[in-house]
Amino acid sequence: MDSLIGSGRRAAQLSFVPQGHKFRSSRRAAQLSFILLLALAFTGQANQSGAEEYTAEPWALEANQITYHTNPQQITAEGDVVLRHTEEQSAKPLEIRADTVTYLTTGSVLDARGNVFLKEESGTISASSILLNLQDQTGKLTSTTVSLADHEIKFSGERVEKIASDRYVFFGGKATSCQTDGNKSPAWSINWRKADITINGMAYLKHATFKVKKVPLLYIPYLALPAKTTRQTGFLFPEISHSSRDGIGFTTPLFINLSPSSDLTFFPGYYEKRGTFAGLEFRSVSDYNSRTTLAINYLDDRTKDPGPPASPDDYRQDGYLRAEHDRYWVRGKADHYFSQNSVLRLDVDAVSDQDFLHEYRDGISGFSQSNRNFLNDFKRSLQEASLNFRESILQLSRRGQLGSGGLEVRYVDDPLAKLTGTEPAQTLPRALYSTRLPLLNNLPLSLGWDSEYVYYRPEEGIGYQRLDLLPRLIMPMPFGALIEGTIAGGFRETAYRVETIGTPTSGWNSTNAKNRNTWDFTTNMATLLSRDFLITAERRLTHTFRPNLRYNYRTSTDQSELPNLDGFDRLADDNSLTLELNNYFRSGNADPKILPNRQLGYLKLKQSYNLQEARRDLTRPGDKRRPFSDLALDLEISPLTNLFFRYQTALDVYGQGVGRYNLQGRYHNSRQDRLTIDYDYVKGVATNLNISTQLQLTDKLSARYNTSRSLLDNHATAETIGLLYNSQCWGVELTSSRDSEDRRVMLTFSLTGIGKALELRKSEI
């Protein structure tokens with residue numbers, strides 16, 4: 001065999017193209033004779049111009065030693081071999097590393113052995129040997145591991161065939177996201193007899209076995225797993241559950257990629273004691289601010305509340321028996337920005353019965369998970385599940401330089417309406433417009449205009465339209481440089497049109513027109529005082545004091561004949577002074593770049609004095625005038641960036657004590673420990689305590705506890721305690737919860753790269 005040897009890292013470099021192309025070589029003077037001989041062997045000619053006329057993308061080969069053999073024609077590279085395309089936009093693979101590489105020019109076959117590492121845009125492949133055809137990207141691999149870009153799961157096998165540029169067939173092997181040391185078994189793995197894996201596609205496994213260490217726990221004849229670096233259609237990991245009300249449940253989500261900006265997830269399932277379940281969720285993103293999510297759950301429930309005649313089942317003991325078999329829940333949200341000043345918002349929420357959201361709070365398509373998703377994506381949550389009615393709202397708003405306006409349609413879905421005989425009124429529609437226009441160039445006088453139109457229409461009964469107009473003259477008050485103030489006065493006209501819908505209702509004719517007139521006058525004065533207190537030479541405390549005095553005057557007329565639905569239809573006389581003392585505290589540094597300013601909290605006091613009450617006539621013995629309102633206090637303290645307290649209360653100044661107060665506390669740290677406390681007190685009505693805490697016991701083990709207690713009735717309305725263990729590639733959570741209707745134990749396993757692997761529940765009623 002004739003050969004030509006080049007050695008030395010810098011000297012042993014050449015470029016070539018697979019069979020069917022002439023190769024292009026380096027022109028360094030020190031390598032010229034070696035390159036020309038190589039060119040002669042490959043192309044049958046040794047002229048410089050022939051190498052320059054071809055632009056096919058060559059391979060660059062680099063090694064400690066490169067040997068060219070003429071019979072047969074092949075190149076052998078040894079020692080830290082690197083084979084790569086010389087241009088960034090070249091076809092895959094981009095780079096191959098190995099201990100030894102042999103390139104056979106006949107057939108463009110590459111034989112790489114020893115610590116083989118292949119790098120592509122979609123991931124990396126490591127193997128002990130690769131026999132690869134560079135033209136069609138097919139070949140055979142041994143002791144192979146495929147790692148996908150931006151994906152935790154690794155696929156490995158002893159014997160692998162590469163049947164396309166991005167497709168592999170594994171004969172025996174396993175998938176795991178766990179890191180292993182030496183020959184130790186991973187914490188979990190999915191083993192198979194045969195697997196067909198498409199990069200950026202799906203991995204279809206035949207005769208798969210789920211193992212924990214070396215112990216097989218579950219056999220699955222056929223399993224599909226995602227092998228994607230981008231979103232693609234495929235099955236997600238199923239959810240398995242058990243409860244005394246539902247029996248054994250099984251849900252297998254199917255993710256459908258519609259486009260780079262939209263997708264659809266289908267949740268087919270079955271409950272042993274209930275029947276067939278199905279869910280559907282659609283998501284779409286138009287731009288950074290505009291997005292849409294719509295979802296529906298459906299249950300063909302073979303049970304109903306009355307149950308067997310001998311044992312009626314009134315779920316939650318609310319006095320209303322559910323008789324529906326077709327049960328559903330529809331929800332969704334959408335935001336669409338036409339511009340920065342024009343936005344359309346949509347909230348959809350409708351349910352078949354009053355119990356559905358209570359029974360199906362948990363699960364991958366339950367109320368709790370949906371609520372978290374909406375809060376994360378749209379920054380607004382669903383209505384609380386305990387409410388019997390659900391509201392769907394469509395809002396269109398626009399802000400301009402001179403005014404702002406909005407249009408709202410609100411539909412109330414009350415599943416108890418047929419049982420109670422009370423149909424809710426729908427807002428179809430509500431329109432608002434506000435503006436402020438300068439009137440005279442020489443005087444600081446402007447016209448303020450607030451208007452609202454609303455139409456409340458029930459399915460049957462009394463509906464009414466209301467048009468409210470409030471034009472006002474507004475002028476700043478010249479109190480000097482230290483005091484700012486405004487004065488405003490206007491005339492409010494409210495017109496009603498009342499109509500009967502469906503069966504006539506006594507008390508109203510077919511159409512009635514009503515109206516209300518009131519005068520409205522407001523003046524406001526405020527000032528701002530600020531002072532810095534030096535704590536150290538570099539740190540300071542800034543106290544800002546803003547007192548505010550406001551006077552309100554409003555006349556009213558007899559409103560007893562007016563409709564009364566939303567509280568705005570009853571406006572009382574007002575002749576009062578309100579004093580607000582607002583204190584703000586901020587800490588900082590002389591140089592904000594060293595220590596930026598931070599809000600430490602505020603203290604706000606507020607009280608009103610009713611001049612009309614102070615001058616009214618006493619009507620009976622023992623009657624006393626009480627012109628002062630409750631003294632309202634709002635205190636917020638944030639001594640640390642991760643510690644927050646807020647206390648709100650109202651004190652009766654006539655000896656009746658505190659009528660209400662609320663205490664909130666929040667704490668979190670870098671270890672992910674957190675504590676949340678909410679305490680609400682309404683005298684004689686409610687005393688509720690909500691505590692939520694999570695404690696990181698070790699770097700992998702954490703505990704959490706949530707409770708909601710009614711201290712007035714001395715019982716827990718809901719309580720949950722859980723332990724969560726998170727390893728590098730798996731996690732397990734044990735949760736025990738109870739409420740007034742249910743006691744539940746849930747064990748959930750999660751696998752990194754797959755999601756929920758198994759969910760076991762045990763419930764008691």
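Biologist: Which residues does His715 touch, leaving aside residues up to four places away in sequence?

Modeller: A contact is judged from heavy atoms within 4.5 Å. In this predicted model, His715 touches Arg709 and Ser710 once residues up to four places away in sequence are set aside. His715 belongs to strand β41, which covers residues 715-726.

Biologist: Is His715 buried, partly exposed or exposed?

Modeller: The class follows from the relative accessible area: under 20% is buried and over 50% is exposed. His715 has a value of 36%, so this residue is partly exposed.

Biologist: Where is His207 placed, and what is its phi?

Modeller: A positive phi deserves a note when the residue is not a glycine. His207 lies in strand β13 (residues 201-212) and has a positive phi of about 55 degrees, although His207 is not a glycine. With a relative accessible area of 33%, His207 is partly exposed. Asp80 also has a positive phi, of about 50 degrees, and is not a glycine either; Asp80 is placed in strand β5 (residues 73-85).

Biologist: Which peptide bond is cis, with omega near -5 degrees?

Modeller: Here one reads the omega angle of the bond between two residues. The bond from Leu428 to Pro429 is cis, with omega near -5 degrees. Pro429 is found in strand β26, residues 425-438.

Biologist: Let us turn to a loop residue. Why does Ser352 count as buried?

Modeller: The cut-off for a buried residue is under 20% relative accessible area. Ser352 has 9% relative accessibility and therefore counts as buried. Its place is the loop between β23 (342-351) and α3 (356-359).

Biologist: What polar contact does the side chain of Ser352 make with another side chain?

Modeller: One looks for pairs of N or O atoms within 3.5 Å. The side chain of Ser352 makes a polar contact with that of Asp353, at 2.8 Å. Beyond four places in sequence, the residues touched by Ser352 are Glu324, Asp326, Arg327, Tyr328 and Pro415.

Biologist: Which residues make the nonpolar surface patch of about 390 Å²?

Modeller: A patch is built from residues with over 30% relative accessible area. Tyr328 takes part in this one, together with Phe266, Leu280, Ile296 and Tyr298. Leu280 is in strand β20 (residues 275-285) and is partly exposed, with a relative accessible area of 35%.

Biologist: How many residues does the largest nonpolar core have?

Modeller: A core is a set of buried residues joined through side-chain atoms. The largest has 47 residues, and Phe155, Phe170, Ile190 and Leu205 have the most contacts inside it. Strand β12 (residues 188-198) supplies the largest share of this core, five residues. Another core, of 14 residues, lies apart from it and includes Val351, Leu357, Phe374 and Ala385.

Biologist: How many helices and strands does the protein have?

Modeller: The secondary structure comes to six helices and 44 strands. The protein has 765 residues, of which 37% count as buried. Among contacts between residues at least 6 apart in sequence, 45% join residues at least 24 apart. The accessible surface is about 41,800 Å², and 55% of it belongs to carbon and sulfur atoms.

Conventions
Residues numbered from 1 in each chain as written. Predicted model: local features only at pLDDT ≥ 70, side-chain atom pairs only at ≥ 80, totals over all residues. Heavy atoms only, no water. Helix = DSSP H or I, 4+ residues; strand = E, 2+ residues; numbered from the N terminus. Buried < 20%, exposed > 50% of the residue type's maximum accessible area, 1.4 Å probe, protein only. Polar contact = N/O pair within 3.5 Å; in protein donor to acceptor, adjacent residues only side chain to side chain. Core = buried A, V, L, I, M, F, W, Y, C linked by side-chain atoms within 4.5 Å. Areas by Shrake-Rupley, 256 points an atom, 1.4 Å probe, with all protein chains shown as cover. Patch = residues over 30% accessible without salt bridge, like charges linked within 9 Å, V, L, I, M, F, W, Y side chains within 5 Å. Salt bridge = Lys/Arg side-chain N within 4 Å of Asp/Glu carboxyl O.
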